[in-house]
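Here is a friendly tour of one model, from charges over rings to a sheet and its helices. Have the sequence and the 3D view open as you read.

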Amino acid sequence: MLKAKIHDQVVKKRKDIEKWFSEKRKELKFPIYSSFDIRDSGYKIANVDANIFPAGFNNICEVDRDRAPTLVANYLKNHYSENLKNIVLLTEEHTHNSYYWENIWALKNIFEKAGKIVRIAIPREFSGHFQADTANGNKIDVYSAIRKGTSLEVDGMTPDLVVSNNDFSESYADWYAGLKATINPPREMGWYRRKKSDYFREYNSVMAEFSQVIEVDPWCLQVDTELFEHFDIGDEKVMGEVASKVDIMIKRIQEKYLQHGIAEAPFIFIKNNSGTYGLGVLQVKSGEEVMKLNYKGRKKMKAAKGGREVSEVIIQEGISTSLVSGTAVAEPTIYLLGCELLGGFLRTHSDKSSQESLNSPGAVYKRLCVSDLEINVEGKPMENVYGWIARLGLLAIGREYNSFLKTL
């Protein structure tokens, strides 16, 4: 299995890898946290989604959540003033999504256990506050992040740092204009301007370099991704162009499968280039399927989060999962705090096949701890391999952000 081979190479070349990673991360900026969805087909292991404003902290292994406050305290001490005390946790406006608020409850507890005073707020002005109910029956007081000149005030508190769990699919341009408060992850990394195509370009480049260090075929770690601009689900000519590109990629993948002795039939995901929450994702196996999309399929690609239209997509190689938990197919999600492994979980889905997206209603989250990776690196191949795939995804995020900064 590829995982065992990569694990052996990572253990064998650990010092070389850590030296290489340390060199590559210099001069790059990284968000306070991130998460990475990983697919392991047995012949290919790759990151298929990278979230800079991740939810789901409530699903992280409890052992890892217990050590998270120490990681947070160290991160804040190393990146900000030792006197940093007041934190505003900026959230989405999902007033009825109890699972999202359970995630915020978990995040709030982590920062409070790190010795910080935390207020929860949304980037919109309103009077008073409201209470959000979490999935486990907790209640969260949510306030308005009120502008006070170039700074913010939340429930009478001026924050030393704003930690955003709002992914800025909406730019909040009026609210943000002239704001001097420090926001991490930065608003500029939000989905109102971020593109998946930029991320996967950097990701595949990182994997090409990493593959040389551990001496494996880079194809086993990369994911074929192509940008399609000016997407219009209602334009038959445009959809014909999409169908043509799907068939070309299918042929390209099939040739690689033949070279590697893989008997599977290739499949493709068409994804909103600025999408999140698993929205705007369509799976096809041929260009013909693109042209024969039914109403349900077209509706999937019609709108993104917040009702925005999908105007750009990526056409991406599908990677099946070989992982099974009980009777359900599974995929790992790994979280990082800065550059440190924070935790993770297995996303499982009993109603999905090994080729389908598992990030959909009905998913069940199961234990996957990474807390003992440093203690027993040679005995933890799953955490070791997936941990490094996540770190490399973070390196790609750093390069992605660095490229953006150069355009300012």
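## Charges over rings

The charged end of R193 is placed over the ring of F404, 3.6 Å from the ring centre. A charge counts as sitting over a ring if NZ of Lys or CZ of Arg is within 6 Å of the ring centre and within 35 degrees of the ring normal. K196 lies over the face of W191, with 6.0 Å to the ring centre.

This is a predicted model, in which local features need pLDDT of at least 70, side-chain atom pairs count only at pLDDT 80 or more, and totals for chains, interfaces and linings use all residues. Residues are numbered from 1 along each chain as its sequence is written, and side-chain values use heavy atoms, leaving out hydrogens and water.

## Aromatic pairs

Rings of Phe, Tyr and Trp (its six-membered ring) pair if their centres lie within 6.5 Å; planes under 30 degrees apart count as stacked, over 60 as edge-to-face and the rest as tilted. By this rule there are 20 aromatic pairs. One of them is the tilted pair of W20 and F210, at 5.8 Å centre to centre with 50° between the planes. W20 belongs to helix α2 (residues 14–25) and F210 to helix α6, so this pair ties together parts 190 residues apart in sequence. Helices (H or I, at least four residues) and strands (E, at least two) are DSSP runs, numbered from the N terminus.

How are the rings of F210 and W388 arranged? Their centres are 6.4 Å apart and their planes at 20°, so the pair is stacked. Since W388 lies in helix α10 (residues 381–405) and F210 in helix α6, the pair ties together parts that are 178 residues apart in sequence. Both F210 and W388 are buried (under 20% relative accessible area, with a 1.4 Å probe and protein chains only), and W20 is buried too. Elsewhere, ring pairs join Y33, F57, Y335, F345 and Y365 into a cluster.

## The sheet and its helices

Four strands form an open sheet in the order β11-β14-β12-β13, with antiparallel pairing. Its edge strands, β11 (225–228) and β13 (281–284), each pair on one side only. Two strands pair if DSSP finds at least two bridges between them; β12 (residues 268–272) and β14 (residues 313–317) have five bridges.

Helix α6 (residues 196–214) lies across β11, β12 and β14, at about 35° to β14. Helix α7 (residues 236–260) packs on the sheet, touching β11, β12, β13 and β14, and its direction makes about 170° with that of β11. Contact means heavy atoms within 4.5 Å; axes are lines fitted to C-alpha atoms, for helices over the stretch in contact, and angles run from 0 to 180 degrees between N-to-C directions.

Conventions:
Buried means under 20% relative accessible area, exposed over 50%, partly exposed in between (1.4 Å probe, protein chains only).
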